[in-house]
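Please keep the sequence and the 3D view open while reading.

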Amino acid sequence: MMKTGAEILCECLLKEGVEVVFGFPGGVLLPLYDTFPKYPELRHILVRHEQGAAHAADAYARVTGKIGVCLATSGPGATNLVTGIANAYLDSAPMLAITGQVPTFFIGKDAFQEVDITGVTIPITKYNHLVLDAAELAEYIREAIYVAQSGRPGPVLLDIPRDVLQTKTDFVFPEKVDLPGYKPKLFGHPAQIKKASDLINTVERPVIIAGRGVNVSRAFAELKELAEKSQIPVVTTFLGIGCFPESHVLSYGWLGMHGMGYANKAIHHSDLVVAIGMRFDDRATGVVSAFAPQARIIHIDIDAAEIGKNLNADVPIVGDIKNVLQVLNKQITKREHVSWLSQLDEWRAIHPATEVRDHEGLLPQYIIRQIHEVTKGDTIIVTDVGQHQMWAGQYFFYDKPNSFVSSGGLGTMGFGLPASIGAKVGAPHETVWCICGDGGFQMTVQELATMVQENLDINIAVMNNGWLGMVRQWQELIYEKRYFGTQLYNPDFVKIAEAYGIKGVKVNKKIDVRPAIEKAMAHKGPFLIEFVVEPEENVYPFVPPGKTLVEFLEMPSPSGSLKK
Amino acid sequence: MTRKHILVALVQDKPGVLNRIASTLRRRNFNIESIAVGHIEIPHLSRMTITLEGDDAKVEQVRKQLDRVVEVIRISDITYENPVEREMAMIKVKASASTRSEIIQIVDIFRANIVDVSPDSLIIVAVGNQEKVETFIELLRGFGIRELSRTGTIALPRGGAGPLTIDESKPLRHVVEHVLTEEEENLPNW
Ligand SMILES: Cc1ncc(C[n+]2csc(CCOP(=O)(O)OP(=O)(O)O)c2C)c(N)n1
Ligand SMILES: [Mg+2]
């Protein structure tokens, strides 16, 4: 059947199960925008900045497990996507970025709004292509989506010139993907799995570190079975939060720079680390040469290039986590680690990291805990980047997979607001809370308009501490309080919300926190709460840069007693 | 141990592949000593030979990262497989009536060829492993080199099937419903 490139694009997206495109138009995309109305099943959400489209697509992918699609015009539209693509790359989110390109006869001539976006995005995409022939478009879309979603997921980009969108050509949806060089290894090597089970069956102080790979592979039941059968405590990475229920007796929080002291201690003193779908990022390991010094390491990951990259593995297993754990679980024996687990419980008692201290002023930790209590934990938490992000990780307890959406690898301020849009669009029946700092909120504040236009029921909490808090904390603790460039002049956030047509309240006192949260939840449509919080609160525990995981700083002499 | 490594790769003949490979190596701070690319006996496939300096573990790490590139079908480090290595150099060297015969002697010793003669210079083609080619160039330096061009190393492992040998009985196709064969599942190491 003869179709234009734009029609082929829409048809292919629908055939691949895509329902939503987060986009922003421009000159070279006009043929596509002229075609969209013919495909009403394909929902187009108009963002206010292309970075927002990318973050929304990224978060959509994380909560649904399906590919997120973002769309931008050539030149500045395409470059505006770059941060969002990098974010998806570092956090392994399956994303298709589509960019318009100047017509083929202009390419390479510095035409108006021409940028070599495939060149720019080589290091931050799993795969990208400039499609020069409409007849090849369907094949490239199929390949790109397949690559993005399979193996270790990641962003892919297709750059499509305007004339390719307009050209009519015979359309056949390709039955197969033909990529001889791309073979994600799905099953672990049996001999390695045997070695792993031998270790698990004999060691005394094992610990599991579960990362985002468990979420990606949806290996929740398998992870639980492994932990329960062998009685292995589970620590997650920051992005692994939620892949193992935090209310489970074997859950010991998350590791790393702001991870729980007991989690870091457990790893440091363990004799076996079972690392599952994680990549020993420097924020997670502290000084890597002193990471888990007594432990042997089993490293399970679908990406062979992660194995041995930061840390040598004694037992490397390359494969899809679900498949690997299914085989592994058959080979492990029932174990008990009574003294090891009671040691961990002891550490948990000495190093409480998730208890809100008694304090007059308004603590961000208290607010997060209140959100947990009001929602009963049944909400998706989307965060921006900074102190509030760490508190959102620490003071909320996550029992549901993929209920925590945060920018881990890239640490992108401005992620929160657009990501909450993607999360809500992907999971319309879930409550969504977006936790932002006063700094990061202003980086993508314009997406408030998108929320209103799409009438998205999103609860926004802006933690107004008047500082770029996380940087201020480093200046306080590492640069002897030499504050510079971190204090914020802020607008009235409630008035900002109102200007966009969003209801909001400002909260200064503890007693007003809960009613405000309840009001936000009761309200249909977006709602913003500006919490005016303690300005110089610090995130603890804190493993200073250059230190090992057990050299964490804790809150100095508490001004009040600790309260559950 | 840091030493020269030879990586050979079979890649799909598509635009951007060389870019991606170079970009990956640059990110890991490798200096590419040489890179040689050419078509092979199977249509739409090319073979690359990359030589670079590096420590074994780091090179293995980057090899795995290069293997991630979608268009890379196979990539192997053949440094320790005693490969046959060759490169070709074309050297335009000054040659006067008085130096010409001396140059010809050197050319003979190295089994190089003179491919062009003009009144005041010669173009010489030399083939050999990197060491031989470099010694040859050193010897000619004294006469005055006007232009020099080298292809970079290409290499094949000795003996039967090499790591990039394609088994013609098995199609090089990869389809969506890819099920690992027993052989693939039992790849060495992991
Ligand atoms: C785009 C971007 N720029 C700069 C940074 C560095 N950075 C990390 S946290 C932070 C402060 C964030 O401040 P705010 O949004 O107010 O959150 P808070 O830490 O106060 O909770 C900064 C500047 C970053 N992560 N991302
Ligand atoms: Mg702040």
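This is a predicted model: local features need pLDDT of at least 70, side-chain atom pairs count only at pLDDT 80 or more; totals for chains, interfaces and linings use all residues.

R62(A), D91(A) and R152(A) supply 58% of the area that domain 1 of chain A buries against domain 2 of chain A, which is more than any other three residues give. The size of an interface is often given in this way, as the accessible area lost when the parts come together.

The centres of these two domains, taken over C-alpha atoms, are separated by 37 Å, and the contact takes twelve residues from domain 1 of chain A and eight residues from domain 2 of chain A. Two salt bridges are counted between domain 1 of chain A and domain 2 of chain A. R152(A) forms a salt bridge with D303(A), with the closest N and O atoms 2.9 Å apart. Helix α3 of chain A, residues 50-64, brings three residues, the largest share of the side of domain 1 of chain A that touches domain 2 of chain A. By class, that side has five nonpolar, four polar and three charged residues.

## Chain A as a whole

Domain 1 of chain A covers residues 2-170, domain 2 covers 190-350 and domain 3 covers 364-532. The secondary structure of chain A comes to 22 helices and 22 strands, and along its principal axes the C-alpha trace of chain A spans about 70 × 60 × 40 Å. For 564 residues, a compact globule would have a radius of gyration near 24 Å, and the value of 24 Å for chain A agrees with that.

## The interface between the chains

How much area is buried between chain A and chain B? The area is about 3000 Å², of which carbon and sulfur atoms give 55%. On the side of chain A, I122(A), P180(A) and K183(A) lose the most area to chain B, and together they make up 18% of what that side buries. The contact takes 39 residues from chain A and 30 residues from chain B.

Two salt bridges are counted between chain A and chain B. D303(A), which also pairs with R152(A), forms a salt bridge with R68(B), where the closest N and O atoms are 2.3 Å apart. Six residue pairs are in polar contact across the interface of chain A and chain B, both residues of each pair being at pLDDT 80 or more. The elements of chain A that give two or more residues to the side touching chain B are β6 (127-130), α6 (134-149), α8 (190-202) and β14 (315-318). Of these, α6(A) gives the most, with five residues. The residues on this side of chain A divide into 20 nonpolar, eight polar and eleven charged.

Chain B is divided into domain 1, made of residues 2-83 + 157-176, and domain 2, made of residues 84-150. The C-alpha centres of domain 1 of chain B and domain 2 of chain B lie 31 Å apart.

## Details within chain A

A search of the whole structure finds 37 salt bridges over all chains. One of the salt bridges joins the side chains of R62(A) and D58(A), at 2.6 Å from N to O. These two residues are separated by about one helical turn, because R62(A) and D58(A) are four residues apart in helix α3 of chain A.

Most residues other than glycine have a negative phi, and most peptide bonds are trans.

How values were computed: Residues are numbered from 1 along each chain as its sequence is written. Chains are lettered from A and ligands numbered from 1 in the order in which they are written. Side-chain values use heavy atoms; hydrogens and water are left out. Domain bounds come from an automatic or database domain assignment. Contact means heavy atoms within 4.5 Å. Buried area is the accessible area (1.4 Å probe) that two parts lose on being put together, summed over both. A salt bridge is a side-chain nitrogen of Lys or Arg within 4 Å of a carboxyl oxygen of Asp or Glu. Ala, Val, Leu, Ile, Met, Phe, Trp, Tyr, Cys and Pro count as nonpolar, Asp, Glu, Lys and Arg as charged, and the others, Gly among them, as polar. The radius of gyration is taken over C-alpha atoms; the globule rule is 2.2 Å times the number of residues to the power 0.38. A polar contact is a pair of N or O atoms within 3.5 Å; within protein, one must be able to donate a hydrogen and the other to accept it, and residues adjacent in sequence count only if both atoms are side-chain atoms.
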